[in-house]
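Hello,

Here is the structure we talked about. My notes follow below it.

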Amino acid sequence: MFIEVNDGTRLAYEDYGQGRPIVLLSSWVLHSDMWEYQIPFLVEHGYRCVTLDRRGHGRSDRPSTGYDLTTSADDLAALLEHLDLNDVILVGHSMGGAEVARYLARHGEGRVAGAAFVSAVLPFLKLTDDNPGGVPEAALQAVLQAFRTDRPKWFARQAQLWFATHLNEVSPAMVEHTVAQCLSVSPWATAALFASAFHEDHRDDLRKLSIPALVVHGTLDSSARIEVTGRRTAELIPDVDYKEYPTASHGIYFTHKDELNTDLLDFIKSRC
């Protein structure tokens, strides 16, 4: 299924089950298929699950423009309006969490009852005078240069860290599958979105949230270090449930799927 947004880009979405809607937004360089371990669980518990492939990802169009969090938020707004979804729970992993935050800042909470930020790249990654715990600009430039030099090599090297395979049971097939998803994304989108997420400051927006939120993060997350992201995000949101997974890295949706599914369901039932 597809929607066409205001610049003519066609975005793919999937829609499963009936009941209260949960909209799941995938990680940077992943798409709707990453939620294959959450969707059946949530549908079986009486919820409707909707996913969106952001532009440049999955089955969506690959235009030359729009690879920034503001456009992603507006694309999400177009989907919610197209399906006329209300009383929604937004769930975002990694960059998907940043898209949730930007959507709420730009489009308000009218359609949304709660938000879950899973391994999210929030609140502000870049090192600045008022963000001394951030990451230097040089680190961003090094990654962008690695993309230009040998993008497949970079993703293959990151895969083991993504899942913390030294602590979690992850098959070589799953690692290979994930790398293939990452490499299927438009190389242009890969670099542009990475840079956009690095530079965006969500701190003031998170302080203004009035809906309940769940923040879940792995203490061993090498892609979004917990002291820079998860813990600081939880400190900023007024109404938050915060959970740390001691043996999890960034691929928490797979390595800790049972725990994550239970925590999502408990949050939705008790807080939203």
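**Arginine 102 and its surroundings**

The side chain of arginine 102 is in polar contact with that of threonine 70, at 3.1 Å. (A polar contact is a pair of N or O atoms within 3.5 Å; within protein, one must be able to donate a hydrogen and the other to accept it, and residues adjacent in sequence count only if both atoms are side-chain atoms.) Please note that this is a predicted model: local features need pLDDT of at least 70, side-chain atom pairs count only at pLDDT 80 or more, and totals for chains, interfaces and linings use all residues. Residues are numbered from 1 along each chain as its sequence is written, and side-chain values use heavy atoms, with hydrogens and water left out.

Arginine 102 sits in helix H3, residues 95-107. (Helices, H or I, of at least four residues, and strands, E, of at least two, are DSSP runs numbered from the N terminus.) Is arginine 102 buried or exposed? Its relative accessible area is 8%, so arginine 102 is buried. (Buried means under 20% relative accessible area, exposed over 50%, partly exposed in between, with a 1.4 Å probe and protein chains only.) Beyond its neighbours within four places in sequence, arginine 102 contacts Leu69, Thr70, Ala73, Glu200, Asp201, His202 and Asp205. (Contact means heavy atoms within 4.5 Å.)

**Helix packing**

H3 packs on helix H2 (residues 69-83) at an angle of about 75 degrees, and the axes are 8 Å apart. (Axes are lines fitted to C-alpha atoms, for helices over the stretch in contact; angles run from 0 to 180 degrees between N-to-C directions.) H2 is therefore roughly perpendicular to H3. (Angles under 35 degrees count as roughly parallel, over 145 as roughly antiparallel, 65 to 115 as roughly perpendicular and the rest as oblique.) On the H2 side, the contact includes Leu69, Thr70 and Ala73. Arg102 is among the H3 residues that make it. By class, the contact of H2 with H3 has eight nonpolar, three polar and four charged residues. (Ala, Val, Leu, Ile, Met, Phe, Trp, Tyr, Cys and Pro count as nonpolar, Asp, Glu, Lys and Arg as charged, and the others, Gly among them, as polar.)

Helices H4 (residues 137-163) and H5 (residues 172-184) also pack, at about 135 degrees with axes 9 Å apart. H4 and H5 are therefore oblique to each other. H4 contributes residues including Phe155, Trp162 and Phe163, and H5 contributes residues including Met174, Val179 and Leu183. This contact of H4 with H5 has 11 nonpolar, two polar and one charged residues.

Alanine 142 is also in H4. At 48% relative accessible area, alanine 142 is partly exposed. Alanine 142 and proline 246 are 104 residues apart in sequence, and their C-alpha atoms are 29 Å apart.

**Threonine 51**

Threonine 51 is in strand E4, residues 47-52. It counts as buried, at 1% relative accessibility. Its side chain makes a 2.8 Å polar contact with the side chain of serine 32. Leaving out residues up to four places away in sequence, threonine 51 touches Ala12, Tyr13, Glu14, Leu24, Ser32, Trp35 and Ile39.

**Backbone points**

Aspartate 84 has a positive phi of about 50 degrees, though it is not a glycine. Aspartate 87 has one of about 55 degrees and is not a glycine either. Aspartate 84 lies in the loop between H2 and strand E5 (88-93). Aspartate 87 is in the loop between H2 and E5. The peptide bond from leucine 122 to proline 123 is cis, with omega near 0 degrees.

Best wishes
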